[in-house]
Amino acid sequence: MKIIGSVKEDLNTEKRTSITPETTKKFIDLQFSVFLEKNYSEHLGVTDKEYQNRGANLYGTAKEVLEKSDIILKVNCPSNDEVNLIKDKSILIGQFDPLLNKEIINKLIKKDVKIFSLSLLPRITRAQTMDVLSSQANLAGYRAVIEAVKEYGKVVPMMMTAAGTITPAKVLVIGVGVAGLQAIATAKRLGGIVSATDVRTAAKEQVESLGGKFLSVDGAEDLETPEGYAKEAGEDFKKKQAELLKSSIKKNDIIICTALIPGKKAPRIISEDMVKSMQPGSIIYDLAVGQGGNSAFSEADKVNVVNGVKVMGAKNILNNLALTASNLYAKNLFNFLSNLYDKEKKDIYVNKEDEIISKTLVN
Ligand code: NAD
């Protein structure tokens, strides 16, 4: 019987977990054993008992788990110490960027460990149930609005009270991928007046279907790649976009930034002057802060106040809803592993003809 194991992440930076009681049961139904480090999910309020009730074995140390496991599930790349404990020829599945973790990856390759990174998953229909980028970005978009509203000193919806009418907050979303669409939906549910912009023209219809107003950069070409991602904008586009956003930004109360270009630094879209043009009390929440940020003054895990405008963004916003993020992440991992599992052979089979497997396989 193959052993699937998981240990706690570095809780200073990562609160998510890779296995939930629900997926423990699913793995056991597939004839795997599940080994976890003691107090694996205690920080999220999930007790060892809940895991044990679904059939997991709990061990006192991470060492015991890593040394025994044939398949290791992680969120982030393992540490040096963890790599030393991981068994030769085992399988490691996580969500790390192989290019940013070259040294560790090379060590694992020397141990003949097969590494899969779900960050490399193709965005095809069959892979949707495994798509960690979507499941996590969706939650990040939701939470960015909640965090922004928490810092905003006013209410979001229009209210007609005996004391007077409160005008609704205006929310602008920059970048309308998975996170941006959820940010729009969340801001709309809260009663905000929402507009949004993107370099991909396909986003217009999606924004409008959520009840938002799309701000188009006039006369600009569609910057969508065949894979559905954004291309880097040229100088002419940037100028036109800045012109469009200059007047819009100062009229908005809350701005949610999500614009990213795969493999590149995040585009700088909001300049210092644009931040300073906003009303005091306004908020910019920059979800792209980890990749350099879309806005001037945005710094990871800081709230910078500029002329009364708060510019903020967390390095790992998913830690603020780690329980839901873990539930979805663990389901994505289970679905990925089910696809790796050959029902006839009753074992893992690395079928390189399968695009999902070949594209996520790092080595
Ligand atoms: P992402 O996180 O890479 O980027 C976020 C958004 O920022 C994108 O919409 C991008 O166009 C936009 N952007 C980049 N530069 C910009 C700029 N200068 N100004 C304004 N906006 C800018 O994107 P994502 O959320 O990973 O989604 C990427 C694509 O993948 C989308 O087309 C999405 O619909 C698609 N997708 C497909 C599937 C599937 O299974 N078929 C699943 C998820 C996402």
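The structure holds 23 salt bridges, a salt bridge being a side-chain nitrogen of Lys or Arg within 4 Å of a carboxyl oxygen of Asp or Glu. This is a predicted model, in which local features need pLDDT of at least 70 and side-chain atom pairs count only at pLDDT 80 or more, while totals for chains, interfaces and linings use all residues. Residues are numbered from 1 along each chain as its sequence is written, and side-chain values use heavy atoms, with hydrogens and water left out.

Let's start with Lys2, which forms a salt bridge with Asp347, their closest N and O atoms being 2.9 Å apart. This pair links distant parts of the chain: Lys2 sits in the segment before β1 (3-6) and Asp347 in strand β17 (residues 347-348), 345 residues apart. Helices (H or I, at least four residues) and strands (E, at least two) are DSSP runs, numbered from the N terminus. Lys2 is partly exposed at 32% relative accessibility, and Asp347 is partly exposed at 26%; buried means under 20% relative accessible area, exposed over 50%, and partly exposed in between (1.4 Å probe, protein chains only).

Now turn to Lys74 and Glu9, whose side chains meet in a salt bridge at 3.4 Å, N to O. Lys74 lies in the loop between β4 (71-73) and α4 (80-85) and Glu9 in the loop between β1 and α1 (21-29), so the pair ties together parts 65 residues apart in sequence. Lys74 is buried at 3% relative accessibility, and Glu9 is buried at 8%.

Finally, visit helix α3 (residues 62-68), where Lys63 and Glu67 lie 4 residues apart, about one turn of the helix. Their side chains meet in a salt bridge of 3.3 Å, N to O.
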